[in-house]
Amino acid sequence: MRTVLKRSYRSHYRRMLPELLDILEFRCGNDRHQPVIEALAVLKTHLMHKGSSYPKGTTVVTEGVVRPAWMPLVLDDDGDPPRINRTAYEICVLKSLREQLRCREIWVVGSRRYRNPEEDLPQDFEAQRGAYYSDLALPMDPKAFTAGLREEMDHALATLNEGMPAKPRVNIFQKKGGWIAVSPFEPQAEPENLGALKAEMARRWPMTSLLDVLMETDHQVGFTQCLRSGTEREHLDRRVLQRRLLLCLYGLDTNTGLKPMATGHVDDSPKDLLYVRRRFLSLEGLRQAIARVVNATLDVRLSQVWGEGTTACASDSKQLGAWDQNLLTEWHARYGGRGVMVYWHVEKRATCIYSQFKRVSSSEAAAMIEGVLRHCTEMEVERQFVDSHGQCEVAFAFCRLLGFELMPRLKGIHRQRLYRPEPGEVYQNLAPVMATRSINWELIEQQLDAMVKHTVALKLGMADAESILRRFTRTNIQHPAYKALAELGKAIKTIFLCRYLASEELRREINEGLNVVESWNSANNFIFYGKRGELTTNRREDQEMGLLCLHLLQSSLVFVNTLMIQGILTDPTWTKPMATRDLAALTPLVYHHINPYGLFELDLDARLPLGDTTAKSIPAT
């Protein structure tokens with residue numbers, strides 16, 4: 001593989017290197033990674049030099065740049081000094097540069113995404129230290145902070161240790177150095193009255209047009225008021241504009257495009273719809289419209305039907321297909337196939353509060369934090385459910401500092417380990433899965449200011465979550481703040497695991513919350529059906545606009561279904577039969593009564609005006 005990569009780079013990819021290195025300027029503030037900067041200088045100096053090796057007398061840095069597996073390809077002979085193969089060495093330099101750019105130990109001058117990481121942090125932290133700690137509700141004394149965590153951690157471990165013999169669905173075995181086994185939930189029968197409720201919805205509102213759902217939501221909520229021109233003047237009549245906006249939104253959120261939305265009406269030509277799309281639809285306006293619909297859904301809910309307001313939210317990603325020619329298309333190793341990723345934040349009653357595009361290779365934990373901090377709805381998130389890919393030790397630490405709980409459904413629960421708050425403490429029933437060492441509280445106390453500084457940058461939006469979390473990955477394990485965050489994350493994760501193993505209700509709640517996200521993803525396929533559900537544009541803004549339109553239409557469906565269900569259940573004849581289990585399983589994310597395609601009418605007596613040309617006039621062969 002290395003030989004093929006070397007040949008491919010030399011004959012094709014290397015031609016773009018001189019132009020790139022002439023434009024980009026790399027910097028590094030860490031002496032540990034200075035060899036990469038020195039190697040880049042050597043590479044840039046000899047780019048135009050001909051020959052397979054560097055000239056004699058050239059000092060080439062290999063330590064910290066060339067990995068041992070590549071050394072036989074880099075060294076052409078065993079002379080003193082040995083000859084360095086230029087092509088192999090350049091590949092090694094670029095590989096090392098990529099790793100350090102990812103964790104931002106090396107940055108690019110003038111860049112935004114790869115800028116100096118110190119520019120992401122609050123520059124007035126020392127002057128405003130007290131205010132920042134107060135905003136995060138954290139004690140300024142590091143020892144008081146760790147003392148509270150020690151007490152909480154010790155209480156969680158002691159409670160689980162005492163209750164383990166009485167947990168028939170949770171077992172801890174000695175095999176393979178410690179093994180946690182959690183029995184899966186038994187499937188439950190569907191509540192008796194939900195089927196009748198769905199049938200009643202279909203009877204009262206049979207084959208409701210999805211476009212009518214969007215229109216009714218606008219009449220009640222007025223979300224098109226958020227979609228305004230970027231200029232000061234608007235000459236179009238508001239009613240005409242409303243009609244065109246709804247058609248544009250429907251064409252984008254079903255992925256059918258604008259031309260099929262031209263109904264033949266005088267105000268619905270493709271040219272007019274394209275004009276409205278370009279002038280009145282914007283990403284910010286669509287996010288405001290979504291927030292208005294979501295807030296209206298939260299406001300109209302009846303507590304006797306849906307229960308009290310929830311502060312729990314679940315998040316997960318969904319892959320949307322994209323054409324191979326799309327420059328933003330990536331291949332997903334886990335899901336398979338090419339496409340782009342969408343990350344949804346859906347609360348327990350199927351209302352999506354935030355959506356965002358993410359790269360296939362980007363962190364789901366960063367997308368999770370970004371959604372909790374940036375959603376513009378009235379919902380306050382206190383508990384966040386994710387799957388295994390949406391969590392990590394650093395994410396546990398940041399969520400605790402930001403003031404909400406991270407609750408993942410861990411696929412590899414058998415591999416998890418519990419950490420001791422103090423060395424030497426014995427938990428007899430948990431011994432097989434206890435780590436050999438305790439939490440390093442001293443490191444957490446030393447780096448508390450650095451952790452708070454990065455948390456403030458996250459909360460205030462000085463940088464996106466991915467840019468912050470990119471610094472704290474396994475490739476940058478020597479960073480002191482990363483070590484402290486990992487230690488804090490181990491402590492918080494241990495507390496969560498104790499609660500997770502001790503409470504079947506908590507495990508069931510997390511599972512139900514993530515099932516809601518899966519249902520939301522299924523509804524995506526029902527609505528986003530045009531062009532086989534594949535994105536066909538190369539523009540990132542157009543892709544994100546299609547996503548937000550899909551989010552808006554699906555939120556409108558939830559809003560209208562909420563009103564429909566409440567209209568049925570406020571009838572006394574329907575209220576009495578509904579049991580507690582029926583109401584607990586109730587969801588407004590149903591679409592059995594929805595027709596997304598339009599109205600089809602068949603008249604057997606009607607004929608197409610084809611003139612005299614009929615099948616009888618065609619001679620038989």
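Trainee: Why are helix 15 and helix 19 called roughly perpendicular to each other?

Mentor: This is a predicted model, and in it helix 15 and helix 19 pack at an angle of about 80°, with their axes 7 Å apart. Angles of 65 to 115 degrees count as roughly perpendicular, and helix 15 and helix 19 are therefore given that description.

Trainee: Which residues of helix 15 and helix 19 meet?

Mentor: From helix 15 come E393, V394, F396, A397, F398, R400 and L401, and they meet Y482, L485, A486, L488, G489, K490, I492, K493 and F496 of helix 19. Sorted by class, the residues of this contact are 11 nonpolar, 1 polar and 4 charged; the glycine G489, which belongs to the contact, falls in the polar class because Gly is counted there.

Trainee: What makes F396 and F496 an aromatic pair, and why is the pair called tilted?

Mentor: A pair of aromatic rings is described by two quantities, the distance of the centres and the angle of the planes. For F396 and F496 the centres are 6.0 Å apart, and rings pair if their centres lie within 6.5 Å, so the two phenylalanines qualify as a pair. The structure holds 8 aromatic pairs.

Trainee: Which parts does the pair of F396 and F496 tie together?

Mentor: F396 lies in helix 15 and F496 in helix 19, so the pair links parts that are 100 residues apart in sequence.

Trainee: How do you know that helix 19 and helix 20 are roughly perpendicular to each other?

Mentor: The axes of helix 19 and helix 20 cross at roughly 100° and come within 5 Å. That angle belongs to the range of 65 to 115 degrees, and helix 19 and helix 20 are therefore roughly perpendicular. In this contact F496, R499, Y500, L501 and A502 of helix 19 meet E504, L506, R507 and I510 of helix 20, and by class there are 6 nonpolar, no polar and 3 charged residues.

Trainee: What makes helix 8 roughly perpendicular to helix 21?

Mentor: Helix 8, residues 192-204, and helix 21, residues 540-569, pack at an angle of about 105°, with their axes 11 Å apart. This angle makes helix 8 roughly perpendicular to helix 21, since the range for that word is 65 to 115 degrees. L197, E200, M201 and R204 in helix 8 meet N561, M564, I565, G567, I568 and L569 in helix 21, a contact with 6 nonpolar, 2 polar and 2 charged residues.

Trainee: How many cavities of 30 Å³ or more are there, and which residues line the largest cavity?

Mentor: There are 2 cavities of 30 Å³ or more. The largest cavity, with about 80 Å³ of space, is lined by R287, I290, A291, I353, Y354, S355, R374, H375, C376, T377 and H551. Helix 12 and strand 9 each supply at least two of its lining residues, and the lining divides into 5 nonpolar, 4 polar and 2 charged residues. Among these residues, R374 has its place in helix 14 and touches Y354, L458, K459, L460, G461 and A463, leaving aside residues up to four places away in sequence.

The second largest cavity has about 40 Å³ of space and is lined by V65, R67, W70, C92, K95, S96 and E99, of which 3 are nonpolar, 1 polar and 3 charged.

Trainee: What lines the second largest pocket, and which residues are the closest to its centre?

Mentor: The second largest pocket holds about 1300 Å³ of space. It is lined by 47 residues, of which R349, V516, A584, A585 and L586 are the closest to the centre. Helix 8, helix 13, helix 20 and helix 23 are the elements that give two or more residues to the lining, and helix 20 contributes the largest share, 9 residues. By class, the lining of this pocket has 21 nonpolar, 12 polar and 14 charged residues.

Note on methods
Residues numbered from 1 in each chain as written. Predicted model: local features only at pLDDT ≥ 70, side-chain atom pairs only at ≥ 80, totals over all residues. Heavy atoms only, no water. Axes fitted to C-alpha atoms, helices over the stretch in contact; angles between N-to-C directions. Helix = DSSP H or I, 4+ residues; strand = E, 2+ residues; numbered from the N terminus. Parallel < 35°, antiparallel > 145°, perpendicular 65-115°, else oblique. Contact = heavy atoms within 4.5 Å. 1 Å grid on protein atoms, 1.4 Å probe; cavity = no way out; pocket = protein on both sides within 12 Å on 5 of 7 lines; lining within 4 Å. Points joined across faces, edges and corners; volume = space filled by probe spheres on them. Phe/Tyr/Trp six-rings, centres within 6.5 Å; stacked < 30°, edge-to-face > 60°.
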